[in-house]
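Here's a quick tour for anyone opening this structure for the first time. Have a look at it below, then read on.

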Amino acid sequence: MLSYLHAFHAGNFADVHKHAALTLAIRMMHSKSSGIACFDTHAGSAFYDLTDKSALKTGEAASGIHRLWSWRDRLHGDDWQAMLDEWAQGQGADGSLVDYPGSPHWFERYLRQQDNLTAFELHPAEGQTLANWARRHSRVRVLQEDGLKGLLSHLPPRQPRLLALVDPSYEIKTDYEEVARTMTRAWQKCRHGVYLIWYPILPGRPDEKLKQAISASPINKVLCSEVMRNHAPQRGMCGSGMLVVNPPWGFNNRLAVMMRAAARDSCLGVGLSMQWLVAE
Ligand code: SAM
């Protein structure tokens, strides 16, 4: 089933949370010079048009990136500045944002000579858009394959270090267990890898299955960052969650500072929590 299109959701509060965690992890991993094999298991497009009718239909960016952008003067420090500089590239003539970068762009932006990115995208049209974009980027490879199976088939990587973003659309209820099974196998093949696993927080909390399965697995050192909407809609996402396996040292504190700034004075309209799901 491939009915999900991220163009309807790009730039929402969950994307801000996910991409803040992703860019922080990449930038912190740059403190060492050894090469990083990057994987984006569910890549979507590299860019989304926020003026497109899909984006305007849901209006999700309004309470996400548009709101954060209008409050940007309050986002201090290098960690936010790195993102603000990227978002600024997508400004229209009136200063508002018309383009929103997706995860492949955030990865590509930070690839060094010794790093590369493998991006999986199964949707034919999305995969083609991504492949067209990747033609301009020699260290990016796009594979129109299943991202979870694809990740496993490429582990362990040739480079000494690994960073993987696992960001499925969770269209099927069993996706939560499938992600946990894949993560366990991936960790067994590459234990030192940094894995970011995004999940939606929905009524009924189906994400608990994912967290319980990860807790019961042999994986250790798993951070859990959650962002809950203060006024959740009756249907749809009430929050955004991110599990980070093997976060760089100090990542939790820096992400907490970033997200607190974004939540301050009801900017994103969210409450925050962060704890270790599995301790070291
Ligand atoms: N990671 C993107 C970002 O942060 O900008 C958003 C990705 S979106 C949540 C999920 C994407 O996964 C969709 O583009 C969808 O077409 C794709 N997809 C769905 N099933 C897939 C599969 N089995 N393997 C790879 N991609 C898949």
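How many bridges join β6 to β7, and do these strands run parallel or antiparallel? Four bridges join them, and β6 and β7 run parallel. Keep in mind that this is a predicted model: local features need pLDDT of at least 70, side-chain atom pairs count only at pLDDT 80 or more, and totals for chains, interfaces and linings use all residues. Residues are numbered from 1 along each chain as its sequence is written.

**The whole chain**

- The protein chain has ten helices and ten strands; helices (H or I, at least four residues) and strands (E, at least two) are DSSP runs, numbered from the N terminus.
- For 280 residues, a compact globule would have a radius of gyration near 19 Å, and the 17 Å of the protein chain agrees with that. The radius is taken over C-alpha atoms, and the globule rule is 2.2 Å times the number of residues to the power 0.38.
- Along the principal axes, the C-alpha atoms fill a box of roughly 50 × 40 × 40 Å.
- Buried residues make up 44% of the 280. A residue is buried if 20 or more other C-beta atoms lie within 10 Å of its own, exposed if 12 or fewer, and partly exposed in between, with C-beta atoms placed from the backbone.
- Of the contacts with a separation of 6 or more, 80% come from residues 24 or more positions apart. A contact here has C-beta atoms, placed from the backbone, within 7 Å.

**The sheet**

- Eight strands make an open sheet with mixed pairing, in the order β5-β4-β1-β6-β7-β9-β8-β10. Two strands pair if DSSP finds at least two bridges between them.
- At the edges are β5 (140–143) and β10 (270–278), each pairing on one side only.
- On average, neighbouring strands are turned by 15 degrees against each other, direction ignored. Axes are lines fitted to C-alpha atoms, for helices over the stretch in contact, and angles run from 0 to 180 degrees between N-to-C directions.
- β6 is largely enclosed by the rest of the structure, because five of its six residues are buried.
- β1 (residues 36–40) pairs with β6 in the parallel sense over five bridges, and Asp 40 stands opposite Leu 165 in β6.
- On the β7 pairing, Ala 164 stands opposite Tyr 195 in β7.
- β4 (residues 116–120) and β5 run parallel and are joined by four bridges; Thr 118 has Arg 141 in β5 as its bridge partner.

**Helices on the sheet**

- Helix α8 (residues 175–189) lies across β6 (161–166), β7 (194–201) and β9 (239–245), running at about 175 degrees to β7.
- Helix α9 (residues 207–216) packs on the sheet too, touching β7, β8 (222–229), β9 and β10, and its direction makes about 25 degrees with that of β10.

**Helix against helix**

- The axes of α1 (residues 13–29) and α10 (residues 251–263) come within 10 Å and cross at roughly 145 degrees.
- Among the residues that meet there are Val 16, Leu 24 and Met 28 in α1, and Phe 251, Leu 255 and Met 259 in α10.

**Two exposed aspartates**

- Asp 265 sits in the loop between α10 and β10 and is exposed, with 8 other C-beta atoms within 10 Å.
- Asp 78 is in helix α4 (residues 78–88) and is exposed, with 8 other C-beta atoms within 10 Å.
- Asp 78 and Met 258 are 180 residues apart in sequence, but 9.9 Å apart in space, C-alpha to C-alpha.

Technical notes. Two residues are in contact if their C-beta atoms, placed from the backbone, lie within 7 Å.
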